[in-house]
Each structure stands twice: as structure tokens, then as C-alpha cells.
Amino acid sequence: MGSVGSQKLSELEVFLNKHPHITYATPSSPNYASLREIFSLDCKSNPPIIVRPQKAEDVGLLVQYAKSQGIKFAVRTGGHSLFGLSTIDGAMTIDMRDITYVHIEQGKKLAKVGGGTLQGDLATALHKEGLATPTGSVPSVGYVGWAAYGGYGPLSAQFGLGADQIVAAKIVDPSGKIVEADDKLLRGIRGAGGIFGIIVEITVKVYPLNKILAGNLIFASQDISEAFKKFNGGYRELSTQGLPSQLVIQQMVVNSPYGRAFGLAFTWGSDDIDTGRMWLSKIEGLGTVVMNTVAETTIPEMLAATQAVIPLKAYCSSRSLNVRKITEVADAIASCLEKMPSDLAAMFTIHELRGPSAKPTKDSVFGTRDPHFMLEILGGALKEESREASAAWAQSTWETIGKTDRGGQNILPGTYISVEPPGESPGQIPLSKIYGSHESDVVALKREYDSENVFDLAMPRLVDYIRS
Ligand SMILES: Cc1cc2nc3c(=O)[nH]c(=O)nc-3n(C[C@H](O)[C@H](O)[C@H](O)COP(=O)(O)OP(=O)(O)OC[C@H]3O[C@@H](n4cnc5c(N)ncnc54)[C@H](O)[C@@H]3O)c2cc1C
């Protein structure tokens, strides 16, 4: 597959004009800049064309055409790849955002979700029917891109990761055909997402859930190191007594207009609000709370509240580590938090994998199933001039925490594909770090379902693996 040069672009436009319902924009189109917008400001690429299929069959036509003409393409939904993977110079972007729908099946146990649906739209559609499914906490993230590569979120201790919700998928395969994934392929899609084909629809589990208790707690942070360590000591003790699956906290250190603050996003994912309040008071007791926005709410409202406080785009150099116990790395983390740059996009957050998400399963290729905390070290910056300092902080934090694990017991070998940078060349993060013991299965599935590597630009890039 090659770049879309001017000759290929003209021919592609002729082809698209025969299918006028597939809209498109090129850099000279008035809507190109808004369609090209993605989260990553680091990504400066300008695809020669952004095409907007309206239905699965259009995606099939586009893949067939691209393959026959040797045109490279990347897939975009929410545009929230931290590495700008949807937007590549010389490659057509297939923008899935018009394939957005949620069809709840009879019995209200499953929903079919269009491949271009955003998390917020999914949550809103389900909420209207008194239902919910795990999503991440930012509504503008694409649902498939979140779920099919893992998907940590505020309901995952109760219901499992995003990948664990997927019970069926329709993909456009390398020949451009729409196929229903068989069990073997489904297993690969649950963790390796779009490397076998473009996912035009997934069917996911949904659960009755109307109200939740959710919001943010901010702790007194004059001594951020102490606040972080004290909280984690207490949280560890609470955890050893047993935490209910409805409770998920995401710890975070953020910069606010008032300075750097340690806090957490609290989610009690159940209508039993009274029990949730009891757990809230236990969590509040682990520090000195200076701000508390936790209230009875709904999932769509919780997602909207998160969107309101995080940047829509940023420079972001992220690193990630999976650790078994925070308490064993708390000193190292605390020393790095002291040095976190003051840019509003610099952040340190912790997702926890426990409950059903943390049980070994043969049904997915997601790599790290041991109970763990996934550290997101987000060297973010709103301004280009702060970018280098934030990136250097993320790297040195990652190294400092990494060095604590002399016995190799606390830091797990695996990493999270959506946060750990893919590297300059394909396969730079060893595949074993992403898929652990499933590595060879992922490669075998790729060879079986996309032997010609038509979906070369999907993450993770396997070109070096399928050659051998
Ligand atoms: C602000 C922010 C918050 C986040 N929060 C969380 C979180 O809470 N939990 C978590 O686990 N992760 C989180 N992430 C990571 C996020 O889930 C991944 O980056 C995800 O892949 C983004 O999907 P997207 O569609 O928005 O991005 P895009 O950049 O549009 O797509 C990312 C990749 O997904 C693939 N893809 C997207 N749609 C399809 C499709 N229909 N078929 C095949 N492949 C497809 C493509 O290969 C593409 O390169 C967050 C990222 C950001 C920037």
C-alpha cells in the first residue's frame, strides 16, 4: 500500500463522486480543518483526504478500492488516540463518525453499536432505557477504539473491561466484505481491535442502571507527597478488607488554577445510593477533603462533567506502568509528583483493575489480567513551549518508578496499548508487553485474517511480525 499522491487522489475523487453519499474533504475543503481535529496536538499530519462512510457497505467499498489501488488508510472515530494514529500523512482517513447508532435488543441485555459511535452518545442512548455499559470517563472518546483495545473505566470492577462486553462484531474484512466475526476472530478483536478489519458494528452487554453516585474529591494538597502516601496507605487497608464491585476510584493529580492537587474521581455504580454514601465517607476519611462534588447523578451527566474539566486537545507524551501495589511505589511516585510541571494538561492518574476484569480469560487477548493499578503518566501541555518539559517529566517519572522494582515482583511486565507510545517504527514496543501470553495468538490471528496486512496502519502495527 502506498501514499495517496495527486494522481491517486484525483482517481479516488472520481470514484467517490460516483458514490455521492460518501462525503469527503481534502485540505482545500472548507470543513477539512474541523474534520481533521484530533486530541493530539503533537500530530501535525494532514491526510490527503478524509472520507465519511455513511454505512457499513460504504466502508466495504472504500476498503476494496483502497486495496485495489494500493492506497494506505487509517481509521478514525473519536480522534483520541494519544499518538494521533488516525491521522497520517499520505494515508486516507476513514472517518467512522457517521456510522453512529445504538439499537437495544429485546430483553435489554445487549445493544448493537455502530462502529463510529462516541462513548457519550452510547451512554445517553442506554440511559434513556434505564441501562448502562462500561465506558471510559470522557464522552468524546470513540467507543470501539476504547473497548476493543481494553477499556478501563468507572464500571469495570463491576462488569469487566470494555473488551469483555463485546459479544459479537461485524467487520469489513481485507477483501471489503462485511463479515460477522467468528469466535476465534472475536477473541482477537477483544484486545487487538482493528488489526483484522474495520469494526462497523459491535454488540455489547448492557445492564440495568439508572442512578449512580459520582463526582470528584480533592484532598488538601499543600504537601502533595504526604497526601498521596497517606491516601494510598489507607486505601490499601480498605482494599484488604474487601471493596464492593460497585465502587471505582480513579486517583489523579491535576493542575488547577489554584495549584497542583491530589484527588480522585469517585464512582458508585449502583442505584443503592445509601450504601454508596457509606463508602464515600470511608474514602473521604483517607485524607483531608477540601472539595467534594460527589452527588447522585447519571452516567451521561458524569461523563459530561468530566469533559468539562479536561482539555479537548493537548500535546501529550504519555507513559504507562502496571503495578500490583501502589504502596510499594508510593515514595517514588510522590517524589515525581512534586516535580510535575504546572501546565494544565500535565496529569498523573491511576486506573485500578480488579473484580471481573482481573480474572484470567481465554475469551480475549488483553494482556494484563492480574489485579493491578494502571499508572497513566500524562506529560501533557496546552502550549507548545511547555511540551518538552512535560515530556521529560513523564519519561523521568516512568524511569523513577520503573527502577523501584528490583525483585520484579511489583511492576508487571505488561503495558496498556492506548497509553504507552507505539514508538517510531512498527513493533517498537515488544508485542509481548501488550499481549503477554497471547502474543503468538495475536500474530497467528493476524496471519489468518489479514495475511496481506491490508489494515497495516491499525494499532498495534504488526508488519515486522507477520513478515517472519
Ligand atoms: C482524553 C482521553 C481520555 C481517555 N480515557 C480513557 C479511559 O478512561 N480508559 C481507557 O481505557 N482509555 C482511555 N483513553 C484512551 C482511548 O481509549 C484510546 O486512545 C482509544 O483508542 C481512542 O479511540 P478513538 O476512537 O477516540 O480514537 P481514534 O484516534 O479515532 O482511534 C484510535 C484507533 O482506534 C482504532 N479504531 C477506532 N475506531 C475503529 C473502528 N470502528 N474499527 C477499527 N478500528 C478503530 C483505529 O486503529 C485508530 O487508530 C483516553 C484517551 C484520551 C485522549
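Just after helix α7, Gly-193 takes a positive phi of about 45 degrees. Helices (H or I, at least four residues) and strands (E, at least two) are DSSP runs, numbered from the N terminus. The model is predicted, and local features need pLDDT of at least 70, side-chain atom pairs count only at pLDDT 80 or more, and totals for chains, interfaces and linings use all residues. Residues are numbered from 1 along each chain as its sequence is written, and side-chain values use heavy atoms, with hydrogens and water left out.

- Helix α7 spans residues 183-192 and is mostly covered, with 8 of its 10 residues buried; buried means under 20% relative accessible area, exposed over 50%, and partly exposed in between (1.4 Å probe, protein chains only).
- The buried residues of α7 are Leu-185, Leu-186, Arg-187, Gly-188, Ile-189, Arg-190, Gly-191 and Ala-192.
- These buried residues pack against β8 (166-172), β10 (198-205), α13 (431-435) and α14 (439-449), where contact means heavy atoms within 4.5 Å.

**Strand β8 and its partners**

- Strand β8 is mostly covered as well, since 5 of its 7 residues are buried.
- Strands β8 and β10 run antiparallel and are joined by 6 bridges; two strands pair if DSSP finds at least two bridges between them.
- Within this pairing, Val-172 stands opposite Ile-198 in β10.
- Strand β8 also pairs with β9 (residues 178-180) in the antiparallel sense, over 3 bridges, and Ile-171 stands opposite Val-179 in β9.
- The hairpin of β8 and β9 has 5 residues between the strands, and Gly-176 takes a positive phi near 95 degrees there.

- Strands β2 (residues 50-52) and β4 (residues 92-95) run parallel and are joined by 2 bridges, and the bridge partner of Ile-50 in β4 is Thr-93.

**Cavities**

- The structure holds 2 cavities of 30 Å³ or more. On a 1 Å grid over the protein atoms alone, a cavity is a set of points where a 1.4 Å probe fits but cannot get out, and lining residues have an atom within 4 Å of a point. Grid points are joined across faces, edges and corners, and a volume is the space filled by probe spheres set on the points.
- The largest cavity holds about 40 Å³ of space, and its lining residues include Tyr-149, Gly-191, Phe-366, Thr-415 and Tyr-435.
- The lining of the largest cavity divides into 6 nonpolar, 4 polar and no charged residues. Ala, Val, Leu, Ile, Met, Phe, Trp, Tyr, Cys and Pro count as nonpolar, Asp, Glu, Lys and Arg as charged, and the others, Gly among them, as polar.
- The second largest cavity holds about 30 Å³ and is lined by Met-1, Lys-72, Phe-73, Val-454, Asp-456 and Leu-457.
- By class, the lining of the second largest cavity has 4 nonpolar, no polar and 2 charged residues.

**Backbone exceptions**

- Most residues other than glycine have a negative phi, and most peptide bonds are trans.
- Lys-108, a residue other than glycine, has a positive phi near 55 degrees. Lys-108 lies in the loop between β5 (102-104) and β6 (110-114) and is partly exposed, with a relative accessible area of 39%.
- Asn-453 likewise has a positive phi, of about 55 degrees, although it is not a glycine. Asn-453 is found in the loop between α14 and α15 and is buried, with a relative accessible area of 10%.
- The peptide bond from Met-459 to Pro-460 is cis, with omega near -5 degrees, and Pro-460 lies in the loop between α14 and α15 (463-467).

**Asp-121**

- Asp-121 lies in helix α4 (residues 119-127) and counts as partly exposed at 43% relative accessibility.
- Leaving aside its neighbours within four places in sequence, Asp-121 is in contact with Thr-100 and Val-102.
- Asp-121 and Val-365 are 244 residues apart in sequence and 27 Å apart in space, C-alpha to C-alpha.

Technical notes:
1 Å grid on protein atoms, 1.4 Å probe; cavity = no way out; pocket = protein on both sides within 12 Å on 5 of 7 lines; lining within 4 Å.
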